[in-house]
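Trainee: Could you talk me through this one before I set anything up?

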Amino acid sequence: MFSFTVAAVVFGVVFLAELPDKTALAGLMLGTRYRASYVFAGVAAAFAVHVALAIAAGSVLSLLPHRLVQAVVGVLFLAGAAVLLFKKDEDEEEVKKPADQSFWKVSGAGFTMILVAEFGDLTQIMTANLAARYDDPVSVGVGAVLALWAVAGLGILGGRTLMKYVPLKLITKVAAAVMVLLAGFSLYEAIVG
């Protein structure tokens, strides 16, 4: 059964965690070079694959004892918050420019870049954790995909404008705070049962 509440929580957590990531910058860079709709098609497909893999991993975690999973999820959320707060800014990675501007070349470049860059990324791990926590793969998947697509769209169409009004450090701190809260809930469930 689909839960709008779970999807909304997942959307918020994943959106905030992904916003300061290099993906938004990569989307911005590709969006300035190529047709935005072509870039978004490739990036959106890569994120759908990314979330499907995370949901599968989270579903496997949900087969383990509930208290153990909640303890692991809580620790991983704390680790994710620490990564957000203490990671150093990374330089933008150079992306090879496709020889032509065809849909398949541009969307393929976006797909490949995001699939490789995001594999094992913090948001993929968070999505797996959320899938294990809520044991609701459809709601978690919808929330995560929509959040990643929203960040990609913002990056492609107007990331620079957003960054002018909302400091990246503030976004990172809010995402880390949400992750600490989720860690607290998970650890509480692990202890109390």
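Mentor: We will go from the overall fold to one residue and then to the rings.

Mentor: This is a predicted model, in which local features need pLDDT of at least 70, side-chain atom pairs count only at pLDDT 80 or more, and totals for chains, interfaces and linings use all residues. Residues are numbered from 1 along each chain as its sequence is written, and side-chain values use heavy atoms, with hydrogens and water left out.

Trainee: How many helices and strands does the chain have?

Mentor: The chain has eight helices and zero strands, taken as DSSP runs (H or I, at least four residues, for helices; E, at least two, for strands) numbered from the N terminus.

Trainee: And Thr123, buried or exposed?

Mentor: Thr123 lies in helix α6 (residues 122–134) and is buried, because its relative accessibility is 1%; buried means under 20% relative accessible area, exposed over 50%, and partly exposed in between, with a 1.4 Å probe and protein chains only.

Trainee: Which residues does Thr123 touch?

Mentor: Leaving aside residues up to four places away in sequence, Thr123 touches Val14, Ala17, Glu18, His50, Glu118 and Leu148, where contact means heavy atoms within 4.5 Å.

Trainee: Switching topic, how many aromatic pairs are there?

Mentor: The count comes to five aromatic pairs, with rings of Phe, Tyr and Trp (its six-membered ring) pairing if their centres lie within 6.5 Å, and planes under 30 degrees apart counting as stacked, over 60 as edge-to-face and the rest as tilted. The pair of Phe2 and Phe4 is edge-to-face, because the ring centres are 4.9 Å apart and the planes are at 85 degrees.

Trainee: Is Phe4 buried or exposed?

Mentor: Phe4 is exposed, at a relative accessible area of 68%, whereas Phe2 is partly exposed at 34%.
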